[in-house]
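Here is a short report for a first look. Take a moment with the fold before reading on.

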Amino acid sequence: MKRLLFIFHFSFFIFHLALAQVGEPRTDLAIGVNGGVAVNKVMFKPSIKQTFKPGAVMGVTVRYTCEKYFKMLCAFQGEVNYSQAGWKEKTESGDNLYQRTVHYVQIPLLANLGFGREHGGVKGFLNVGPQLGFVIGETVKTTGDGSGYVPPQFLLEGLPNQHDMNVEKKFEYGITGGLGMDISTKNGHHFIIEGRYFYALSDIFGNSKKDPFARSANSTIIAKVSYLFDIKKTSINKD
């Protein structure tokens, strides 16, 4: 409940920041597509030996620019993405592999704060805000005997381990943010590169005292490119 309250308050702050009208008003609307690579680990407690698991991320983006405050362009950006998270276990022998891919629909709701050329040039930007996610499936890949890694205390105590457990919590929430560069043309095309990090505040497995894991949250590094085009652009006398 405390985490949910935190994310609701954070969302309110982001929306207020992006939509407050205290500078020169703008009504720019751009839409487009995005795609890239996400590398993920699950923050297990007790810990699981892992390497970063690569996966795809792709979706649609909508960005509404609402004002220019001195040199800063303030916008609200929303996305609906398909993303592959999960984990890949590290074993002593390279012959045994256990890899779980968790498939998500994710919805980042971001404040986009930009500095640079408004139209026809280069603009750097910061994206930050809450992200919601919904599990739509999961798949497992194994090689060798597929044993992967199990914490020694699990074996001693006879506890169920991550290999035998399906994702229990289908709804995910957390905080995401990153930096990027927007290269735009004067006729309204935007070519964007961005690096982003997502930190989940929710777990994928149960985390009560009777559950094996006290923590099981996604931690994701994302590199992506986007293409947007202007649907509506504010007429200005100068950039």
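Accessible areas come from the Shrake-Rupley method with a 1.4 Å probe, and for residues only the protein chains shown count as cover. The chain exposes about 12000 Å², with carbon and sulfur atoms supplying 65% of it.

This is a predicted model: local features need pLDDT of at least 70, side-chain atom pairs count only at pLDDT 80 or more, and totals for chains, interfaces and linings use all residues. Residues are numbered from 1 along each chain as its sequence is written, and side-chain values use heavy atoms, leaving out hydrogens and water.

The chain has 2 helices and 9 strands. These are DSSP runs: helices are H or I with at least four residues, strands are E with at least two, numbered from the N terminus. Their order is α-β-β-β-β-β-β-α-β-β-β.

Of the 239 residues, 47% count as buried (under 20% relative accessible area; exposed is over 50%, partly exposed in between; 1.4 Å probe, protein chains only). The largest nonpolar core has 15 residues. Such a core joins buried Ala, Val, Leu, Ile, Met, Phe, Trp, Tyr and Cys residues through side-chain atoms within 4.5 Å. Strands S1 (24–45), S4 (72–89) and S5 (97–116) each supply at least two of its residues. S5 gives the most, 3 residues.

The structure holds 0 disulfides (pairs of cysteine sulfur atoms within 2.5 Å).

| Cysteine | Relative accessibility | Nearest cysteine sulfur |
|---|---|---|
| Cys66 | 1%, buried | Cys74, 6.0 Å |
| Cys74 | 2%, buried | Cys66, 6.0 Å |
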